[in-house]
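Hi everyone, thanks for making the time.

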Amino acid sequence: MALRWGDIKEAMMARVLLAASLAAMALPASSFLMPGVSTVAAHLSSSNAASVRAAPMALRTGIRRPLALAMQDAAAAPVFAGDLKKAVASALSSENAGTIAAAFEGLKKEGAISKWNSQTGMKSRAVSQNELKRALKTDKDLDELLGLVGVQADLKQLTLAAFAFSAVIGVGGSIIGGQTGGAVYWVTYLGAAAPLVLIGVGSVAPGIIGDVLAKATWAMDETNTKERRVKHEAAHLLAGYLCGLPIEGYVVEPSPACIFYDRIEGNMDAIEAWKKARPLNDQELDTLSVVSMSGLMGELTSYDKADGGQGDLEQLQEFFFRAESEKMRNPAKREDQTRWGAMESLRILNNNAVALKALCEVMGREGTVEECIEAIEKAKDEPATAEAW
């Protein structure tokens, strides 16, 4: 079938208009200049076939310069010319969590920092034990992996030891004998009461006994090295910074701790009385879950199992009780939240492995918080692939 010259021109006009539309969508409105289209129309209105064939070239010529200008505009970004450590030190000089957060947001807008509060949009979900095991690439029991089995075993041994001690004291007191009210009587009486005291305290506040045992066991653990303590606290600091928690400071020796304000108003004991009653919302709870579990996950990036994290888990339970969400009253939901916090913190640490290593070096020599933040910001990390974690 033969095509008329008019049909050919209409088809070429349609192609040119389509190309123009795509170019306009690809460029900012202020950058796409239309004068070239009038040139195209002039070519198309001609009865000369060569002139019509030149229309696409005229269009390309018309949009080449605006495209280059648009790319130059997009490349423009704020460049911070000041001293990063001094700027961070100034931001941290306040003791008000809201002021610190606002100062960091200002530094971010100025281009001084980019990683502060970069982990936005986190949303907790149900995470099974098997899913977390796959993320950790292990078949071990999670309680064993997180160092909780040892504490449970120690509690059983302590209870058995208390009963054995009571029995020995009771039998010994009966053999020795003595007057009522004498030394032997009181020693026997107190020895018999030891298991009852232990059970009573364990029933009312089990965390107290568990915390004492965990600290005692951790203090005598041969793997409790400064390097391991630094890795634990560095993971906390990195996750907290990336999640936007205002930092107060950190300590490695003698008792390691990374101290954050748990919300913008400040910590529970340091804010106005009327604000203390405000529960944690879902977003705050998600952030605190990730930061609380990051220390244990930080250890697992270098060691077979985590130790010394009993306090982190107990603190997370306190956060659950302060949550406004009714679902946190359900033990199964709290376990899901804990596992999700562990898996999300593992993802963050794997995606920022270079920053974690640099941070460990700074904290290992007990550098300042400003030096820690500088190390995080200067680290050149690339997101890890799904297979990597």
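This is a predicted model: local features need pLDDT of at least 70, side-chain atom pairs count only at pLDDT 80 or more; totals for chains, interfaces and linings use all residues.

Now look at helix α5, residues 84-92, and helix α18, residues 369-378: their axes come within 9 Å and cross at roughly 125 degrees. On the α5 side, the contact uses L84, K85, V88, A89 and L92, and α18 brings V369, E370, E371, I373, E374 and E377. Sorted by class, that makes 6 nonpolar and 5 charged residues, with no polar ones.

Next pair, please. Helix α7 (residues 129-136) packs with helix α16 (residues 331-351) at an angle of about 20 degrees, and the axes are 10 Å apart. So α7 and α16 are roughly parallel to each other, and this crossing is left-handed. Here Q129, E131, L132, A135 and L136 of α7 meet R339, A342, M343 and L346 of α16. That contact has 6 nonpolar, 1 polar and 2 charged residues.

And where is confidence lowest in the protein? That's helix α4, residues 55-75, with a mean pLDDT of 39, while helix α17, residues 353-364, is highest at 96. Across residues 49-76 the pLDDT stays under 50, and the model has 35 contacts beyond four places in sequence for them. For the protein, the mean is 74, with 55% of residues reaching 70 or more.

Definitions and conventions. Residues are numbered from 1 along each chain as its sequence is written. Side-chain values use heavy atoms; hydrogens and water are left out. pLDDT is the predictor's confidence in each residue, from 0 to 100. Helices (H or I, at least four residues) and strands (E, at least two) are DSSP runs, numbered from the N terminus. Contact means heavy atoms within 4.5 Å. Axes are lines fitted to C-alpha atoms, for helices over the stretch in contact, and angles run from 0 to 180 degrees between N-to-C directions. Ala, Val, Leu, Ile, Met, Phe, Trp, Tyr, Cys and Pro count as nonpolar, Asp, Glu, Lys and Arg as charged, and the others, Gly among them, as polar. Angles under 35 degrees count as roughly parallel, over 145 as roughly antiparallel, 65 to 115 as roughly perpendicular and the rest as oblique. A crossing is left-handed if the near helix is turned anticlockwise from the far one by less than a right angle, and right-handed if clockwise.
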